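Have the structure open as you read.

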Amino acid sequence: MNTKDTFNTKTYNHKWFLVSVFVVIFLFLTQEIVNYQKSIENIEKEINNLTILLTKKLENNFERVENILVLAKDTLLTLEENKDIYKDSNFEDKQEIILNKLKIFANNFDGIEEIVFIDKEGDIKNSSKKINVSQRDYFKRFKNNTNLNRGFSEIIVSGLSGNRTFLQIIAIRDKNKNFKGILAAIINIDLLNKTLSSINIGKEGFTLLGNLDLTTLLARYPSVEDELLNKPILENSITELIKNGVKQRCIKYTSIDGIKRFTSFIVMEQFPFYVQVSLSQDEYMINWRNSLIAKSIFLILFIVASVITFISMRKNYKNEQNLLKKLEIAKNRFENMFRIHSSIMLLIDPQNGQILDANQSAVDFYGYSLDELKNMNIKQINQLSAEEIIKKYTEAEHLKVNSFIFEHKIKSGAVKVVEVSSSPIETTSGIILFSIIKDITKEKKIENRLKESYKNIEKLIDLQDNIIILTNIKEIKFANRKFFDFFGFLNLSDFKKHHNCICEFFIKNESFYYVKDFVNKETWIEELKSLDSSKRVVSMRGKDLKEYKFFVTVNSFEDDVKIVSFTDISNTIKEKIKLEIRVTKDILTNAYNREYFEKNYKNWIEKAEKLNHKLAIAMLDIDHFKYVNDSFGHDVGDLVLIDFVKVIKQNLRKDDIFIRWGGEEFILILNINHKSDLEKILENLRQKVEENNFPKVGKRTCSFGGAIYEKGEDILKTVKRADESMYEAKNRGRNKVVINS
C-alpha cells in the first residue's frame, strides 16, 4: 500500500474527519458486542444440546429399568394377592419362575448386574448368597415410609459382586399399603461413567449426575476420588438454583478449581436426578478473543494514524513531508503487525479475487509460501463455485452480516471449514477487502456429530417394537416403522391426508384413557401425563380391525418436541381380566363370590344414588338342605346347588347380581323403586324354585329375607337385617318371603 496514493491530507475537512473516526470506533465496538453475544449464544446452544442429549440417554436407561421393575412388581403382587388359590408348593414354584425371569432381564441389559427381590425382612430371595440388607439406609427408607414407592440408593459396594453400584428401586405394597418388600436393579457405576463420557466436552470440561433426593454426587466424568461420591456437590451456585425450583438453565461461573466455565443443567422430570455439563470458557472463546485482539490492534493503529493526521491538519498541513514520513512509519507498523499477528489475514482484490497480501499465520495455515499466495486467486482456495459464492454474498447482504462460512482447500489437499469476516478498505486506487479468517473445522465436526446423533436416535426409534412418535403436540414430526405397520399407512404424508392426531384412534372405553373433547385434542398428552402411571393405558384398533391395549409413556425430546411410546400390553390385560373373573366367581355354581361383593358394593351404592334408586339386598337359603346332604350325599347336594343357581339366574332382571354367600346361602343385589317391587321380585323367584324339579331329590323350597339399604349405613348391617328377615321366614314355616320393615 502506498501512503501518498491512499491518503491526501489537503482534501480533508476537519469536522467530517473527526466524525468519521468516531463512527468507525462506534461501528467497531457495536460489531464486537454483537460478535461476543453471538459467541455466547453459540456456546449456550451447543452446551444445551449436549446436556439434552446426555439427559435423554440417561433417562432412557432409567426408564427401561423401571419398566422391567414395574412389570415384575405387578406380576409379584398379582401372584401374592391370589396366593390362597394355589397350593403352597405351586405358589413357591410360580414365584421362583418370576424371580428367574428377573435374572434373564438383567443379563439382557448392559450395566445391570442383578435384578433382585428383597422381602420385607430384608432377605435377598433370588441370590446364590444369603444376604440381609435390613440395616441398609435405602431399605429402611422404603420400609418406614408408606408413601415412598420408587427411588434410588446412594453409591454402595454390592454384597453380591463387590463392585461399586447403585440401586434403582420399586417398593412392593399391597392395596392397603402394607410393605411386602422391594425390587431392586443393581446397576454398575461403570454404566453411568460410560454414558457421561459419551459426549465431547473438551480438555477442561466435565459432566456429572447429581442425586436430588440426597443432594449428593452420584457420578462424574472425568472420574473423581471414591470418597467424593455420595457427598454434597460443591458447586453451590447450581445446587441453590435447583433447590429454588429451577429445572433448566445455562450459566457462566468460576468452578472450585479456578477454571471459568459455561455450565448447563437439566433436572429430570421422571427421576430424582439432574444432569450437568460444563465446558471451559477459554477453550470455546479463544477464537473470538484472538479476532478481537487483531481488530483492536488495527483500531488502535487507525486511531493513532487518525490522531497524527488530525494534529497535522490542525497545524495547517505544515511540513507535509514529515507528516507523510510519520504516516509511512504508521503504515509500516500496521504492516508489521499484520505480518506477525496470530489470526489468519488476507488482502484481496474484490474485482477479480486476486490475493494481494497475506500474513505469516495465513502462510502457516494454507501451507503455501507468501510469494505463492500472492500469485494465487481466492478461487483456487475456495471450494465453492462462483455462483455459490455470489449466492452466499447475496444472503449475507440481505441479513446485514459480513461473516461467511466457506470450505477452503489447503496445500496438503485437506479441506478446512473457515469463517471469513471481510471488511472493505477504500483507497484512492480502489477498494480492497481485508479478510480475517477463523478455522472452525472442529466446531463444524461437533455440529455434524450432533446432527448425526439425532439421526441415530431416529434410527434407533425406528427399530423399536413399540409404536413411537415424535410430536410437537400440534402434529406428528416422526413415526417409527411399527406405527405404519400397525395402522396400515404408507408413510407420514399418507397418515396426515386423513388424520391429524394419533389420539383420533383411541377407542372410548371407561376402563382406559380416551380423548373426551376432540375440539381440544392438543391437551391429550398433558392430560395423560397427569394420570397415575397405572392408568396411562389406551385402546386402539389396528389395520386388522382387532382391538389392542397400549401402555403410554411421554418424555421430552427437545424444547417443544415429545417422545410418545405405546407398548402393547393386550395379552397382559386379557390375562388380568381372566384372573379377575376366576377370583370373583364361585367355582362350583359360577355365581359371584364374597370377594366380588367386597370389591364392588361401594360402586353399587353410588350407582343407585346417581339413578335415584333404592339398593335392596335379599338373603336366600335352601330349606332343609342338610337333609339333602345327609340323605343323598354331598355330590347330589352339589347338583342341587348348581340347579338352584340356574333357576334363579334364569328369572333375574338384567342388572340383578347373584352371589353365593356360603354353603346353601345366597344373596341378591337389586335396584328397585319401591319396597313393594322387592316383595314382587322375591315372591316370583320363590315360586320358580318351588315349581322346579331338582336332580335326584325332586321338589325343594327356599326362604327369602329382604332389606333396603339406608343412606350412610354400613353395608354389612343391611346384610344382617336381610339375614334376620330370612330366619324369620324360616320360623314362620319356610318357603316364604319376609321384608325387613
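## Two helices crossing

Helix H18 (residues 594-610) packs against helix H22 (residues 715-731) at an angle of about 95°, the axes being 11 Å apart. That makes H18 roughly perpendicular to H22, a label covering 65 to 115 degrees, with under 35 counting as roughly parallel, over 145 as roughly antiparallel and the rest as oblique. Axes here are lines fitted to C-alpha atoms over the stretch in contact, and angles run from 0 to 180 degrees between N-to-C directions. Helices are DSSP runs (H or I, at least four residues), numbered from the N terminus.

On the H18 side, Phe597, Tyr601 and Ile605 make the contact, and H22 brings Ile715, Leu716 and Val719 (contact means heavy atoms within 4.5 Å). These residues divide into six nonpolar, no polar and no charged. Nonpolar takes in Ala, Val, Leu, Ile, Met, Phe, Trp, Tyr, Cys and Pro; Asp, Glu, Lys and Arg are charged, and the others, Gly among them, polar.

## The cysteines

There's one disulfide in the structure, taking the term as a pair of cysteine sulfur atoms within 2.5 Å. Cysteine 501 and cysteine 503 form it, with their sulfur atoms 2.5 Å apart. The link is right-handed, with 135° about the S-S bond.

Cysteine 501 is buried at 9% relative accessible area, and cysteine 503 is buried at 0%. Cysteine 702 is buried too, at 0%. Buried means under 20%, exposed over 50%, and partly exposed in between (1.4 Å probe, protein chains only).

## About the model

This is a predicted model: local features need pLDDT of at least 70, side-chain atom pairs count only at pLDDT 80 or more, and totals for chains, interfaces and linings use all residues. Residues are numbered from 1 along each chain as its sequence is written, and side-chain values use heavy atoms, leaving out hydrogens and water.
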